[in-house]
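Dear colleague,

Please find below the structure that I am handing over to you. I would be grateful if you kept it open beside this message while you read.

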Amino acid sequence: MKFIHTADIHLDSPLRGLASYQNAPVKALRTATRDAFTNLIDEAIEEQVDFCIIAGDLYDGNWKDYNTGQFFIREMSRLNKAAIPVYLLHGNHDAESEMTRRLTFPPNVHWFDNKKPVTHRIKELRVALHGRSFKDAATVENFAVNYPDPVAGWLNIGVLHTALEGHAAHARYAPCSLSELTAKRYDYWALGHVHEHAIVQRDPWVVFPGNLQGRHIGETGPRGAVLVKADETRIVSVDRLIVDVMRWESVNVDASTAHDLPAVIALATGAIEALLSGSADNKPLSVRVTITGRTAAHGALFGMDAHLREEILALAATLGGDRIWIEKVKVETTPAVDASQIRERADAIADLQTLLDQVQADEVFMRSLAEDLQRLTGKAPLELSDAVPDFNAIRSGDVSSIVQSVTPALIAQLAQTS
Amino acid sequence: MRIQHLHLLRYGKFTDQTLSFPHGGRDFHMVVGANEAGKSTTRSAILDLLYGIEVRSTFDFLHPKTEMRLGATIEHQGTALEFVRKKAQTKSLFSPAGALLATSALATFLAGTDRVFFDQMFGLDHGRLETGGNAILNASNDIGQILFQSAAGIASLGIVRNQLEAEADTLWAQRRANTRAYYSASDDLARADDALKAVAVRAKDWMDARNKVQEIETSRDQLRERYRGFEAERIRLERVRRVAPALRDLRDRQAVLQQLGEVVELPREAAQKLADTELELAGAERDRELYTAQAKDTRERLALVRMDERLLKHELDILAVSEQCQQVRNHERDIEYRRREITVHWEQVETLVRRIGWPTATEEALTHKLPTLPARSTVARLVKRFDILDQAKQAADESAIEKKADLSSLDTQLKELSVSTVPAALRVALTSARALGDLKAGTRRADALVSRRSRELGSAVATLGRWSPDLVTLRGMTLPSEQAVRQRQKLHTDAQALRKTLTERQQDLNSHIEVGKLEVAQYRNAHHPISAEELTEARARRDGVWRAIKTGDKLVSEVAADFEDKLGNADRVSDRRYDEAQETSELQSKLDALEIQRQHAAENAIRQTANDDERASMDADWTQVTGAMGLAGLPLQDFERWRADRDKVLGAEDALTDAQQELHTAQQTAQDARAALGEALAGAGIAFNSGATFETLLLIASDAVDGATETKARLDELNKQRKSAANALGKQTEKAAAAQAEFDAWSGAWSAATAQVSLSETLDAAAAEGALTVMAEIDNKLKTIHDLRKLRIETMQRDLGAFERAVAVVVSAAAPELSAQGSKAAVSELTTRLAAALDDKKDADRLRKELKTHEDQAKSASERVDRAKATVLPLLRLAQVNNHDDLRALIARSDKRRLIQAEATTAQKAVKEGGDSLTLEALEAEVAATDAAQIPALIADIAIQIDSVRQAQDAVTAELTLATGRLEKIAGQDDAARAEAERQDALAKMANAAERYIKVYTASRLLKWAIDRYRETKQGPMLTRAGEIFCALTLGSFQKLTVDFEKETLMLRGLRAGGGLVDLAGMSDGTRDQLYLALRLAALELHLGQGHTLPFIADDLFISYDDQRAKAGLEALARLSEQTQVIFLSHHSHLVPTAQAVFGSDVNVVSL
């Protein structure tokens, strides 16, 4: 017997942070979450699994397009034709979706109730699936403690959308502890909510399959579901089933040895080549290039940011063709010559640095700078606040952190200029 | 830091060239060279020397990169370092001896500076002067920028600022524009929002669409039912019309069959079969008769042919003898030819026999006498061997004689050579003495060094001036750190600069206050405006009288006039105030402005006092520090120079001690060496003068040892040569004996071999060789004669005999009558007769074949007749008749019945096909129940009904298609997902633009703020000093530099000697370059006052100056050379006298 366990599909939710440009593989990646889900259904049919489990967050609650539901039904119908039942529950993201209430599903789709835990039995396989859906998005009740006792002599699977304990990066919905899950004496806990794949425990199995498709730079690496094999009494194996259609990767370019922009580009070439050669499955990559290190090129990088980005984009097009989409070129270098060394020079640059060290004490200037920048943030959509961390500082009127980060770059740029 | 020597070892065009920059009165050095002499190379060399040779250096055109070398001796505060710089990324610093130096070896000399800083701050050339001049013109509205650019040596500050502002403007600004990245992305976002709204589908939309489809489907089903009813009636009427005629035909045929009664059923093809048989029978009988007649005729012609059987029997034998006859037809003539050839060969043999002196003999006797081939070969081999052996014997004899002469000569030379020896002790002493080198020169150098070091110490002590404690105290002093002193100096300089700025500001403010006061007084005099205080005062006086009246203190009658007077005055004052409101306001404005100036003056005065206090406090603190060190009165600004002088004194003292020690060591070494050498010579018994110097002793010892060594070497060489000559003589003697023995052996063999071939043993080798050649020729001729006789003549005679015998046998068997004829004639006759017999035989064979063919054809025709008769026999039996006529009548009846039956079957099939699977009975009932005449009208009616229902159906179908289309559009499309992806795309672009804008805008603002502050702190001292230099460079054309503080934008101007102000745009290019130079030098002087010193490299600065201005420029550099080393590169040798005029005749001039 074998089944697929998946979760956090977030159908039709977009990839975030990708700004298109001339050579970016734009069209191929507009429907990545859908395509990944289709891949999963293809795998289920090809593998002839006995059933599928979806442990919550099928789609996003604030996503209104009914086509998404129709698409899901279409894919479920394919499973229905292949006689593969699906057991699914609502998580925090799809609990309150209108689509959840209106859609008419094919007979192979079985929901877990949101009022109390229920058990679905598959007699011919002697499998019992226990689970409970979220009624509200912000469910903080411990569901697990009230799950039913296991059915004796059957394979018992608990399906639950939870942050479990220790996943600070995710909201603590339906909190519970590992010991509480263990105490239920089920054979397998099919969890959802945490987007990173994790086999939390092997006896009994407690598994997060991770989300099907990475959607932003915080979700790097391969993504997919898990294929679980079992005999009548126990789980035999749990293997990852990678179905994503594009992958997020972060490339670090250590520019410590570079003295100018061409040298940084040369180092970036090596880093991107290494990324491409290390990625065997030829999937499109969305790449963040972060330039780091204490480098003599710090000033040049600050002054030629746009040029740097153009060079990296051209580089990606040359090396990866339409396989690479550069998400962002982030410069996080520090100057090769630190403040104390600049001070030792005792020249005009050093004087300028000494003056700039005092700028934060000039309240009038700092207030004026904040007000100028607030003209930008005042008209910007709120969604930008997540993408531009400085917006929060500007809106609060405290721009000291911005001044602090810009000053060394400015000094380095002037010291480099001849 | 300064450079003492620069070694251009392998760099650019230079090879092992050294430029020296000794420290004179002022540290100024002029490097002169024509164009292409290497000035720019020298400048780059200093940069590469200090900070490493650049990776992509272009100075490798003579020396490859791997061999590029620079060297130098540099010094800083009394410490010197000599090093070599190679081209390498790491490990590029080496000592002169080749030892690797740490990268940090230059750290104290360079004090953390980098290449860019050194080049910008301490390097200046004509190109940079021009760029700088243009840059300050471009920045003429910003004094801060001018000062900063000049001080930092960066001409592109304005460019950086402009780039920052321009980039910020392309990203975002308050004014919306599509060209700005943020707004462009914002427009994309709006479009994506609209697209999302247009394509997103809510759950209710889908429900509505689905209900509509269901409703239309119900209507469509009802219409479909009605259509089916009409269609069924139409089909029934069509069926009746279709099957009624077929039903009628069926009934008619069935009646005809009934009438025809019983019929013998014969096969369908019976009639055809009968006709075919009758036709075949007639043809076969005709052929049978024709072929029988032809056979009879052929048989008769065959009987007439006759053949010669006897000849035909011996056909092969006759052909064989005919073939043999052809082969032997020329044999008799050939035999005669060969016999003649033999006669000719024999005559030649007889001639050869006579040539070697043999008697004439028969062929057989001659053959027996001729020697065998092995015997002749032996003689030939010995002939060839003779020359080799003879030459070897002669050569060996001659060589033995030469070797004997060599040996004798060597013995003579050995006897004449005499040998002498020296003891080993003398050799050891000589080697040690030579290793010490030139002791006298070493001692002299050490002595000179001590004298120089003493003078240097004296000079160094003198530089300390009145702060000169004894050397022990000086060494033991604890001094404040260089950084601490520099910090103090910086604070002091800043405070002084601020004092000057504040003082100037105060003067300006006081001047403005005085002007303001004068303006107020003049305005007041001109307009007499009523102030608020005057009005209040007039009203107070009026109200005072009125209060006295109200309180009863005064009677109305008493003060009425006074009250009226004050009332009137107050009203007049009031009226005037309001009539002259504008003047009053103007006056008040002037008073306010005056008050603001006073306020500024008061604030400035407070800052001056605070500044005075701060400077006094710093001075007191410094006085305390110097007092504690015993250096009371040493000014702060002189302290670092004093420290450097102190370090030089201590360094000089250390150097003196080292030199004295070295001198002592040299003297002691010389004494010890002389004693050792004298002792060794005495031991060897070599006489010398007891008062001889070390050098004399060294010469005597060298002669003795070198002479002994040479003699010994000669003796060894001669002995070696003699041994070699003796060995060679022995070997040559052995070789001569061996050659003689071999020759003797050959002579014995020769006698035996000549006897074997019947030649005289006295015959020499050459004659014997000729006789052997003749013998070989005779042998060949005899062999040819033998071959002609045996192989040719006798073979042909045998062939002729065999032919005669074969002919006799054939003739007796085949034609005995020809036995009387000759063989060849008989063969000819036989051949002719055989040809005729063969022709007869051929005719007989052809006729037999024809006869066989005719007989076979006649037989075949008979068989066809039989087969035709058998074919029709079954039909006759089936019809039970005996002849063909009866059979033909029965066949016609059978065929008619078959035709009627087929027509009935066709009618039945038509009924079945058109009857829509109804039974025959049902169809007959349906036809009977329908009036056939009405059918067309009924069908037309129904067609109208059907058409109406179809139209309704079409309308519903279209409606359904539309509704279904709407529903199907909500079938899981991804349009909304794509629109949302485009939204995120736009948001990402906006975020990128905003993120960069925040950085760039902030940087731009910070830069502007910092430059303003920089101007506030630096403009006083820097402009004052720059003004002085500018005055000198322009030969007094300009007095100083001024700033107009009252303008909103502070403008830098030059004050003409005549009092006129000239702004930057008004200056000529050359003047502006001079201004930039003045600013750079002023900034450099200020920097040197507080920072680390490095050499200033000036490259052809005064390229466009006339002599006077060039002198002024050199004077400006003279002041700089008091603070740091100045290396002035120029291709103008005419500047040398000018430099000597400024720096003194001993100024260091280096020629390239």
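Residues are numbered from 1 along each chain as its sequence is written, while chains are lettered from A and ligands numbered from 1 in the order in which they are written. This is a predicted model, in which local features need pLDDT of at least 70, side-chain atom pairs count only at pLDDT 80 or more, and totals for chains, interfaces and linings use all residues; side-chain values use heavy atoms, with hydrogens and water left out.

The interface

Let us start with the contact between chain A and chain B. Contact here means heavy atoms within 4.5 Å. Chain A contributes 72 residues to the contact and chain B contributes 73 residues. Together the two chains bury about 6,400 Å², and 62% of this lies on carbon and sulfur atoms. Buried area is the accessible area (1.4 Å probe) that two parts lose on being put together, summed over both. Of the area that chain A buries against chain B, 10% comes from A:R30, A:R345 and A:L376, more than from any other three residues.

Seven salt bridges are found across this interface; the term requires a side-chain nitrogen of Lys or Arg within 4 Å of a carboxyl oxygen of Asp or Glu. One of them links A:K328 to B:E995, with 3.1 Å between the closest N and O atoms.

Which helix gives the most to the side of chain A that touches chain B? Helix α13 (residues 400-416) of chain A does, with nine residues. Helices (H or I, at least four residues) and strands (E, at least two) are DSSP runs, numbered from the N terminus. By class, this side of chain A has 34 nonpolar, 14 polar and 24 charged residues. Ala, Val, Leu, Ile, Met, Phe, Trp, Tyr, Cys and Pro count as nonpolar, Asp, Glu, Lys and Arg as charged, and the others, Gly among them, as polar.

The sheet in chain B

Strands of a sheet pair through backbone hydrogen bonds, either parallel or antiparallel. For two strands to count as a pair, DSSP must find at least two bridges between them. In chain B, five strands form an open sheet in the order β2-β1-β4-β5-β6, with antiparallel pairing. Its edge strands, each pairing on one side only, are β2 (14-20) and β6 (93-94) of chain B.

Strand β4 (residues 69-76) of chain B is joined to β5(B) by eight antiparallel bridges, and B:R69 stands opposite B:K86 in β5(B). The hairpin of β4(B) and β5(B) has two residues between the strands, and B:Q77 in the turn has a positive phi of about 50°. Strand β5 (residues 79-86) of chain B then runs antiparallel to β6(B), with two bridges joining them. In this second pairing, B:V84 has B:F94 in β6(B) as its bridge partner. Six residues lie between β5(B) and β6(B) in their hairpin, where B:K91 takes a positive phi near 50°.

Backbone details in chain A

Strands β9 (residues 198-202) and β10 (residues 205-208) of chain A pair in the antiparallel sense over four bridges. Within this pairing, A:A198 has A:F208 in β10(A) as its bridge partner.

Finally, A:D12 is not a glycine, yet it has a positive phi of about 65°. A:D12 is found in the loop between β1 (2-6) and α1 (32-47) of chain A.

With kind regards
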